[in-house]
Amino acid sequence: MTITDKQVTDALKQVVFFKKQNNIVDLNMVHQVEINEKGIKVSVVFPELADPSVGIVSNSIMKTLKTEFGEDYTIDVKPIAEKDLGKGPLSGVKNIIAVISGKGGVGKSTVAANLAITLSQLGKKVGILDADIMGPSVPIMFGVEGEQPGVIDREGKPYMIPIENYGIKILSLGFFVQPDQALMWRGSMINNAFNQLMTDAEWGDLDYLVIDMPPGTGDIQLTLAQSYNIRGTVLVTTPQKIATADVRRAAMMYRQDKLLIPLLGIVENMAYFIPEDMPDKKYFIFGKGTTDELAGQLDIPVLGRIPIVEKIVESGDGGKPITIDQDSPVTKSFIDIATNVIKQSEILQTVNMN
Ligand SMILES: Nc1ncnc2c1ncn2[C@@H]1O[C@H](COP(=O)(O)OP(=O)(O)O)[C@@H](O)[C@H]1O
Ligand SMILES: [Mg+2]
């Protein structure tokens, strides 16, 4: 018996991808069918490979084709990730950078927002995604609080259009949920919402997508890290011992064998105090040296140090990140940080390509 492509494709219409409630043929998941006298090889495209559905669909393809064409044929199923085909909604995004911290209040959002602005000032195309559902502050910091992202239709599927300000594409869980409601959200709901902001959004071509991650090391952080191809993390800490102990724990989570997400380096926030009226003075009020110690232990660089300045609070609350002001001493710190992030990302990109 000679089997034709069409016979195989027709048979594969019986295989359903439950997540999208349709069969794999109509979902365009069948990438290639190869038939020879010994067997059939099918390559199938999945949104991501680290997902139980890959095994389920692969088994179902085996069974279906064996039933259809007999046990004598060897059936080979090759799962491929969308991103490896240059497909998928995030395929235009070159570098996903996750900004993480051990606990809240250390300046994670401040770093994420100003890193995004500075990368853009250095000529990069940038987006920011606020994944910190319990404390979404990106909309306030960018002055877009209360705005609602528009929707565009692509091949019958709706995609969110990020809000834009200061040349940055912005999406936040905060656009969709009030913080007091967020407390009632279960982990799976947060994951779903996050996935939608990542993959059901019109990010387009970006050099950098900066993610303001929730603080700490919960299930959500783990799932997020597992599901996406993150170029690296930026760790934010303050100089106190308690803060660095927490951030070390967070760092180790991203570094574990299952994930192996590179740590790009540490940003030391609130490193020293510069009084408004004495810009040449530096007071190390939270101590000195702890961040370097941590960097040494983790064998990663300190990407930069940000002083404590009153204006950071004002500018954050006022919807205009401080790095928009070219004369602020903070702007200089962020140029160092962004330059180092670009350097580290480019190194990692070349390593990944080889
Ligand atoms: N270097 C700094 N100097 C002064 N205030 C800062 C600095 N970094 C952050 N802040 C302020 O500290 C508060 C917490 O910062 P935020 O970025 O929201 O932290 P996180 O996202 O880690 O919870 C905010 O009010 C912010 O304006
Ligand atoms: Mg925050």
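The model is predicted. Its chain holds 11 helices and 15 strands, and the C-alpha trace spans about 85 × 40 × 40 Å along its principal axes. Of the 354 residues in the chain, 38% count as buried. Contacts reach across the sequence: among those between residues at least 6 apart, 75% join residues that are at least 24 apart.

The largest nonpolar core contains 72 residues. Within this core, the residues with the most contacts are V99, L115, A116, I128, V210, I211 and V234. Helix α3, residues 108-121, provides the largest share of the core, with 7 residues. V99 illustrates how separate parts of the sequence meet. Leaving aside residues up to four places away in sequence, V99 touches K108, V111, A112 and L115, and also V210, I211, D212 and M213. V234 and V236 complete the set of residues that V99 touches.

The shell has 18 residues, of which G107, K108, S109, T110 and V313 come nearest to the ligand. K108, one of these, is also among the residues that V99 touches. By type, the shell around ligand 1 divides into 10 polar residues, 7 nonpolar residues and 1 charged residue.

Terms used:
Residues numbered from 1 in each chain as written. Chains lettered and ligands numbered in written order. Predicted model: local features only at pLDDT ≥ 70, side-chain atom pairs only at ≥ 80, totals over all residues. Helix = DSSP H or I, 4+ residues; strand = E, 2+ residues; numbered from the N terminus. Buried ≥ 20, exposed ≤ 12 C-beta atoms within 10 Å, placed from the backbone. Contact = placed C-beta atoms within 7 Å. Core = buried A, V, L, I, M, F, W, Y, C linked by C-beta atoms within 7 Å. Near = placed C-beta within 6 Å. Nonpolar A, V, L, I, M, F, W, Y, C, P; charged D, E, K, R; others polar.
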